[in-house]
Amino acid sequence: MRKSWQVKAELINSYKDRLQRAQLVIFFNYSGIDAYPLTQLRAELKAMNGELVVGKNTLFYRAFMDTAVADHRDVLVGPTALVFAYRDPVVIAKKIFEVSKELNKENPLAKIKGALMGGRFLKPQEVQALAELPPREVLLSKLIGTLQAPLMNFILALKAMPQKLVLTLKAIEEKKKSQ
């Protein structure tokens, strides 16, 4: 096997490995971003448990051939960067949408080509909806509050019964005293 083919095979395998570890992969048009801001974006994404990878579209396509991206080959046309989210996909989607907004205020979705999440291809509008979700901690606290509400109401109802009984007995006692 030629050395260049071996290098390409290793790259494809590394993309496949990243894909398996990632919860979200965003296909992002990085044109219009200079080298220094792109390096800063890479560092910010790394701090958020994400990664930005720039490579050849043909190698990306070979790595994603067995996924829903195979039906959406158009996302791998032109300058494409892959943004992998390994932990919280919402945080990464927010950051990419924010960068996209800075690059194109009128149409921020022009830079986002699509995404892959849970084996499903997401359109740019769905990535925007994901970016507009509240952070994970807020969603979890809302969920816990929702789960606790019926239990708290039940406890309060059980607590109210003896109180009503005591108040009724007190009223009967006062009535008998006044007679």
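How many salt bridges does the count come to by the rule used here? Six, where a salt bridge is a side-chain nitrogen of Lys or Arg within 4 Å of a carboxyl oxygen of Asp or Glu. This is a predicted model, so local features need pLDDT of at least 70 and side-chain atom pairs count only at pLDDT 80 or more, while totals for chains, interfaces and linings use all residues. Residues are numbered from 1 along each chain as its sequence is written, and side-chain values use heavy atoms, with hydrogens and water left out.

View A. Helices here are DSSP runs of H or I with at least four residues, strands are runs of E with at least two, and both are numbered from the N terminus. R21 is partly exposed at 46% relative accessibility, and D17 is partly exposed too, at 38%. For these labels, buried means under 20% relative accessible area, exposed means over 50%, and partly exposed is in between (1.4 Å probe, protein chains only).

**View B. E44, K95 and E98, linked in a network of salt bridges.** Between E44 and K95, the closest N and O atoms are 2.5 Å apart. E44 lies in helix α2 (residues 35-47) and K95 in helix α4 (residues 89-103), so this pair ties together parts that are 51 residues apart in sequence.

**View C. R120 and E126, another salt bridge.** Here the closest N and O atoms are 2.7 Å apart. R120 is partly exposed at 46% relative accessible area, and E126 is partly exposed at 28%.

**View D. A patch of positive charge on the surface.** R2, K8, K56, R62 and R73 gather here. Such patches are made of residues with over 30% relative accessible area and no salt bridge, with like charges joined within 9 Å (for nonpolar side chains, Val, Leu, Ile, Met, Phe, Trp and Tyr, the limit is 5 Å). Areas come from the Shrake-Rupley method with a 1.4 Å probe, and for residues only the protein chains shown count as cover. Lys and Arg count as positive and Asp and Glu as negative, leaving out His and the chain ends; each charge is placed at NZ of Lys, CZ of Arg, CG of Asp or CD of Glu. R2 sits in the segment before α1 and is exposed at 52%.

**View E. The largest nonpolar core, with 24 residues.** L24, I26, V83 and I96 touch the most other members. The elements giving two or more residues are β1 (24-28), α2, β3, α4, β4 (112-117) and α5 (124-131), and α4 gives the most, with six residues. A nonpolar core is a set of buried Ala, Val, Leu, Ile, Met, Phe, Trp, Tyr and Cys residues joined through side-chain atoms within 4.5 Å.

**View F. Two loop residues, N49 and D66.** N49, in the loop between α2 and β2 (50-54), has a positive phi of about 65° although it is not a glycine. N49 is partly exposed, at 32% relative accessible area. D66 lies in the loop between α3 (57-63) and β3 (81-85) and is exposed at 75%.
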